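I am opening a notebook on this structure. The entries below record what I looked up, one topic at a time.

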Amino acid sequence: MAQSDTKKIFFENLSGAGKAIAVLTSGGDAQGMNAAVRAVVRMGLYVGAKVYFIREGYQGMVDGGENITEATWESVSSMLQVGGTVIGSARCKDFRTHEGRLKAALNLVTLGITNLCVIGGDGSLTGANLFRAEWSGLLAELVEQGSIEAQSVQNYTALHIVGMVGSIDNDFCGTDMTIGTDSALHRIIEVVDAIMTTAQSHQRTFVLEVMGRHCGYLALVSALACGADWVLIPEMPPEDGWEEKMCQKLSATRSRGTRLNIIIVAEGAIDRHGKPITSSIVKDLVVKCLGFDTRVTILGHVQRGGTPSAFDRILASRMGVEAVLALLETTANTPAWVVSLSGNQSVRLPLMECVEMTQKVQKAMDEKKFEEAVKLRGRSFENNLRTYKLLAHRKPESELPTSNFNVAVLNVGAPAAGMNAAVRSAVRVGISEGHRMFAVNDGFEGFYKGQIKEIKWSDVGGWTGQGGSLLGTKRTLPAKHVGKIAEQMRTHNINALLVIGGFEAFLSLLELLTARGKYDEFCVPMIMVPATVSNNIPGSDLSIGADTALNAITTTCDRIKQSASGTKRRVFIIETMGGYCGYLATVAGLAAGADAAYIYEEPFDIRDLQANVEHLTEKMKTSIQRGLVLRNENSNENYTTDFIYQLYTEEGKGVFDCRKNVLGHMQQGGAPSPFDRNFGTKISAKAMQWVTKKLVETFRQGRVFANTEDSCCLLGMRRRALIFQPVVQLKGETDFVHRIPKEQWWLKLRPLMKILAKYKTSYDVSDSGQLEHVVHNRPKDSDASVAM
């Protein structure tokens, strides 16, 4: 069992003086590994330890020599945005032998290294644990051979191991996401979006093969993100006769006017009898049965390449820092840890417990216990599969329940990428539940003007990948028009409302709740799904659209920093959106490697600005060529972006020059990220299921009447759980003047950003976690939505 005690210690109480830490990447590469290496190196140096690179994975450990080199602060500069692993990775046969591990032990002891940080898959981490178990025996053998002194055994009695999982497949139990998975999804979705345009032109069917020899996560989540017609994964092979069902589905989709079909196949897909289902088999089947023009695209190693996403950079940075802290705390009696993600928390779990659980999944698949395999993958995987089936496969009209309820969906506030995926999900789940769904154009402004029409299943086809708001969205609040809105509710017999939007949506529900006292039309179930780039909604850790905005800022910062290549030392001042909420500035600062991020939540004055300039000047005098400073748009009314730009320009004279950029509305545009597509899809589906439940509960004497607090809710993501919260109860958690929650989880990431930028500060050690499958009491409404 994992430790269950919760503790908070400040890292300055932990000293790394006299310790040596080595970091290596092993097995297949994954985007974000470099961010993890950078974090390990900088945190290790920060606490006073010596840090070493082991190049080429375990092979470099066995070979020694120049493969093991001391790292410096500057040696990991400019690697955050680089894909793959700059210290190299290799699969090593030598390390699997006793002789190979003996050589590796000698190379480590010679340099005084007894702390090892391994970034790789379950095979790499299992190998590290074996090495740890054999350590004392290997040293004794080296003494017998005369390779080391007997004193070395006393000095280096134990080898301490901490693992981080770097794998694009997301196939490791115990963590919501592995390093590289989100970036691989970005590559897949980029390709799918591009293919869909050409497929539509020629009315083609495309069969896409994605990686996942033993795990269907990439195939399943990308199918959910692009609205694929069919998906084939190893954990849940299709029932016998799937060929006919798939062809019927493709044919039915075409008959409704759709010009293309997308089928996604995991490379390890099998049927119920264990026979492989390849992309070419699927293509031949479609051509033979339907005669559709069909093409196959095998994505291959494209999925491993490219720049890491913002999510992977942040995940890897947090894991890298946590790994160093775990090594500083570990003793001879503690188990080997693996650093994992649980919701928005970094946690430590016993390594071998997680490895054993991962192996159980494969065992269940080998024994054809597919339902068990899906459960062992975890709640997130189960929920993804359930949601995909709900949205992709339309039931015949004769099988649909008839509820006679009318549900209206609208967007309120500024546009956010992922809103359309949320609307599509709501419409299709609503229709599956037997409701008539109505779309309201232009928010509450369109509502009181009567811009309301029924929306069908096929009307929302292809919406998942569309940015902005196809329904149209306005910031107009309902209070001034409640009479007209009530009239439209009456005219169209609206029995429930689903509002997808930002802070204005939250205010709107509060206003409609108040209006219930005057208008019975508002005594219906009402629910809000948070969607805003600012991520400033009380009651939810994350909002639809924030991840897409974060990636837009991070990508732009990469390009801006790259523009300074080959020039003299330069500092860039970047202004981000967010209103008074500093989420985008802080988290983008961590993802882009910023030197400072100014936000409203953390007040600053001229002395702080001066200290930042002096700190950056010192760094520039050594070897850092480029600096990056982010400022949230409303961080301070006096210290504006122009003021900070002029201050840095003046104080940096002779050392660096300055440039400024205001990113503006490009943060709201573009195609939604895979995370926002899936988060929007799943949270909206859950919201509609709540609506159905409430409609049944509140239907009395031929009408719906809901006037309790819990019939007007916000569905938010808190840690790993999706929780329904009455909006009236969230008033106490809200700063209405500045339109932000009073408590925000991401503020704890700020010390991490400062540490990696070489500032002295404090950092909380994470809680010890618990392995999901060992702790069987699942919360009723829980779902690892943050893990997609």
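Predicted model: local features only at pLDDT ≥ 70, side-chain atom pairs only at ≥ 80, totals over all residues.

**Entry 1: the largest pocket.** For the volume I noted about 1000 Å³. I then asked which helix gives the largest share of the lining. That is H4, with six residues. Helix H4 covers 122–145, and helix H11, covering 351–366, is also listed as supplying at least two lining residues.

**Entry 2: nonpolar cores.** I turned to the nonpolar cores. The largest has 193 residues, and the ones with the most contacts inside it are Met 164, Ile 262, Ile 264 and Tyr 583. Helix H10 (residues 310–329) provides the largest share of this core, 13 residues. There is also a second, separate core of 37 residues, with Met 61, Ala 105, Leu 116 and Val 338 among them.

I picked Ile 264 and listed what it touches, leaving out residues up to four places away in sequence. The list includes Leu 208, Val 210, Ala 219, Ser 222 and Ala 223. Cys 226, Ala 228, Trp 230, Val 231 and Leu 232 are also touched by Ile 264.

**Entry 3: Ala 36.** I found Ala 36 in helix H1, which covers residues 33–46. Is Ala 36 buried or exposed? Its relative accessibility is 0%, so Ala 36 counts as buried. Setting aside neighbours within four places in sequence, I noted Ile 119, Met 164, Ile 179, Ala 316 and Gly 320 as its contacts. One of these, Met 164, is 128 residues away along the chain, yet the C-alpha atoms of Ala 36 and Met 164 are separated by 8.4 Å.

**Entry 4: Arg 313.** I went back to helix H10, where Arg 313 is found.

**Entry 5: aromatic pairs.** How many aromatic pairs does a search of the whole structure find? The search gives 17. I looked at the pair of Phe 506 and Phe 736, which is stacked, with 6.1 Å centre to centre and 10° between the planes. Its two members are 230 residues apart: Phe 506 is in helix H17 (residues 503–515), and Phe 736 is in the loop between strand S26 (734–735) and strand S27 (740–741). Phe 506 is buried at 0% relative accessibility, whereas Phe 736, at 34%, is partly exposed.

I then took the pair of Phe 604 and Tyr 639, which is tilted: 5.8 Å centre to centre and 35° between the planes. Phe 604 lies in the loop between strand S19 (596–598) and helix H20 (606–622), and Tyr 639 in the loop between strand S20 (626–632) and helix H21 (641–651), so this pair ties together parts 35 residues apart in sequence. Phe 604 counts as buried at 9% relative accessibility, and Tyr 639 is buried with a relative accessible area of 17%.

Elsewhere I noted a cluster in which ring pairs link Tyr 58, Phe 95, Phe 131 and Trp 135.

**Entry 6: charges over rings.** I recorded two cases. The charged end of Arg 254 sits over the ring of Phe 292, at 4.3 Å from the ring centre. Lys 760 lies over the face of Tyr 46, with 4.6 Å to the ring centre.

**Entry 7: positive phi.** I placed Ser 78 in the loop between strand S3 (68–70) and helix H3 (98–110). Its relative accessible area is 44%, so Ser 78 is partly exposed.

Asn 170, not a glycine, has a positive phi of about 55°. I found Asn 170 in the loop between strand S5 (160–165) and helix H6 (181–202). At 9% relative accessibility, Asn 170 counts as buried.

Note on methods
Residues numbered from 1 in each chain as written. Heavy atoms only, no water. Phe/Tyr/Trp six-rings, centres within 6.5 Å; stacked < 30°, edge-to-face > 60°. Helix = DSSP H or I, 4+ residues; strand = E, 2+ residues; numbered from the N terminus. Buried < 20%, exposed > 50% of the residue type's maximum accessible area, 1.4 Å probe, protein only. Lys NZ or Arg CZ within 6 Å of the ring centre and 35° of its normal. Core = buried A, V, L, I, M, F, W, Y, C linked by side-chain atoms within 4.5 Å. Contact = heavy atoms within 4.5 Å. 1 Å grid on protein atoms, 1.4 Å probe; cavity = no way out; pocket = protein on both sides within 12 Å on 5 of 7 lines; lining within 4 Å. Points joined across faces, edges and corners; volume = space filled by probe spheres on them.
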